[in-house]
Amino acid sequence: MSGNAFLVDTTKCSGCRACQVACKQWNNLPAEKTEFFAGPEYTNPAELSAITFNHVKFFPVDMSNKEKPVWTIMHKKCYHCTVANCERVCPEKAIYKLDGWTVIDQDKCIGCGACVNACIYHVPHVLEEDLSQYGTEQPLRKYKSYKCHACTVNKRAVPACAKVCPMGALTYASRPEIIKRAKARLEVVKKDFPKASIYGLDQFGGLGVITILKDAPEAYGLPVDPKPVSITEVKAIHDTYALLDLFTFRNKMLKKTAYKVAKKLTV
């Protein structure tokens with residue numbers, strides 16, 4: 001993967017959620033309906049959604065060393081995989097690469113949820129309500145899939161989330177420069193966190209979000225060696241869908257049903 005990338009340094013994140021707020025403001029996204037302590041520790045909202053593209057997750061405090069407890073907080077968004085499962089499975093080719101970022105064309109999206117089911121990071125979500133009063137260049141539309149687009153919509157030089165981070169925990173630059181920074185930082189971090197690691201160098205052909213972790217990826221629920229979905233299986237579903245699509249008359253709801261039927265018949 002070439003182009004630009006984000007660097008998330010969990011050793012610097014203070015959990016201030018400036019990234020979450022900036023993303024909401026720049027993309028004109030509504031607030032979530034949540035309850036206090038919606039997720040682990042102070043995580044709120046509980047997860048990413050169709051209207052929350054950036055997410056700050058709080059992990060339980062590690063008290064194994066009572067004299068030096070460790071509290072890990074991690075920024076999460078779409079990882080922008082080079083080989084993206086969501087892009088592979090989309091029956092309408094609504095998901096594509098733009099300047100190296102994985103983005104969704106809502107005009108083509110039929111809301112079938114294929115991307116939702118294929119993403120092991122649980123990033124894209126289909127909007128289940130009418131929020132047409134929100135959005136920037138286009139209103140948020142019901143039954144369309146949404147996720148982080150790295151500010152390629154309502155474009156800016158530095159994505160909103162990285163621009164506002166007060167701790168330097170979230171930065172943005174060319175991917176080679178980000179990798180160079182991550183490796184240099186890891187050497188420093190390992191003095192305090194011997195199990196520290198870098199995530200995103202190779203997963204799915206390389207991710208657009210490189211993360212410095214205080215521990216091994218498994219401690220964060222991140223798969224070390226994830227596999228892309230089978231092209232053979234995807235092609236079989238898409239071929240069946242193409243046949244059923246002849247009878248949908250370009251109706252988005254019928255297309256959505258046709259995809260679900262194609263998947264049931266094929267898998």
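At what angle do helix α6 and helix α7 pack? Helix α6 (residues 231-245) and helix α7 (residues 252-266) pack at about 135 degrees, and their axes are 8 Å apart. That angle makes α6 oblique to α7, since angles under 35 degrees count as roughly parallel, over 145 as roughly antiparallel, 65 to 115 as roughly perpendicular and the rest as oblique. The axes are lines fitted to C-alpha atoms, for helices over the stretch in contact, and angles run from 0 to 180 degrees between N-to-C directions.

The model is predicted: local features need pLDDT of at least 70, side-chain atom pairs count only at pLDDT 80 or more, and totals for chains, interfaces and linings use all residues. Residues are numbered from 1 along each chain as its sequence is written, and side-chain values use heavy atoms, with hydrogens and water left out. Helices (H or I, at least four residues) and strands (E, at least two) are DSSP runs, numbered from the N terminus.

To return to the helix pair, the crossing of α6 and α7 is right-handed. A crossing has this hand if the near helix is turned clockwise from the far one by less than a right angle, and is left-handed if anticlockwise. On the α6 side, A236, I237, T240, Y241, L244 and D245 make the contact, and they meet K255, A258, Y259, V261, A262, K263, L265 and T266 in α7. Contact here means heavy atoms within 4.5 Å. Of the residues in this contact, nine are nonpolar, two polar and three charged. Ala, Val, Leu, Ile, Met, Phe, Trp, Tyr, Cys and Pro count as nonpolar, Asp, Glu, Lys and Arg as charged, and the others, Gly among them, as polar.

The loop between α6 and α7 holds R250, whose phi is near 65 degrees, a positive value in a residue other than glycine. Most residues other than glycine have a negative phi, and most peptide bonds are trans. R250 is exposed, with a relative accessible area of 76%. The scale behind that word is as follows: buried means under 20% relative accessible area, exposed over 50%, and partly exposed in between (1.4 Å probe, protein chains only).

F204 also has a positive phi, near 50 degrees, but F204 is buried, with a relative accessible area of 5%. It lies in the loop between β11 (197-199) and β12. Ring pairs link F204 with Y79, Y121 and Y199 into a cluster.

How many aromatic pairs does the structure hold? There are 12. Rings of Phe, Tyr and Trp (its six-membered ring) pair if their centres lie within 6.5 Å; planes under 30 degrees apart count as stacked, over 60 as edge-to-face and the rest as tilted. One of the pairs joins F58 and W71, with ring centres 5.6 Å apart and planes at 50 degrees, so this pair is tilted. F58 lies in strand β2 (residues 55-58) and W71 in the loop between β2 and β3 (73-76), so the pair ties together parts that are 13 residues apart in sequence. F58 is buried at 4% relative accessible area, whereas W71 is partly exposed at 34%.

The rings of F59 and Y220 have their centres 5.2 Å apart and their planes at 75 degrees, so that pair is edge-to-face. This pair links distant parts of the chain, 161 residues apart: F59 is in the loop between β2 and β3, and Y220 in the loop between β12 (209-213) and α6. F59 is buried, with a relative accessible area of 12%, and Y220 is buried too, at 9%.

Helix α1 (residues 18-27) has as its buried residues C19, Q20, A22, C23, K24 and N27. These pack against β2, β3, β7 (131-135), α4 and β10 (170-174). Just after α1, N28 takes a positive phi of about 50 degrees. In the loop between α1 and β2 is P45, and the peptide bond from N44 to P45 is cis, with omega near 0 degrees.

A150 lies between β9 (145-146) and α4 (160-164) and counts as buried at 7% relative accessibility. Leaving aside neighbours within four places in sequence, A150 is in contact with F6, H80, W101 and P159. K108 lies in the loop between β5 (101-104) and α3 (114-118) and, at 42% relative accessibility, counts as partly exposed. With the neighbours within four places again left aside, K108 is in contact with E92, K93, A94 and K252.
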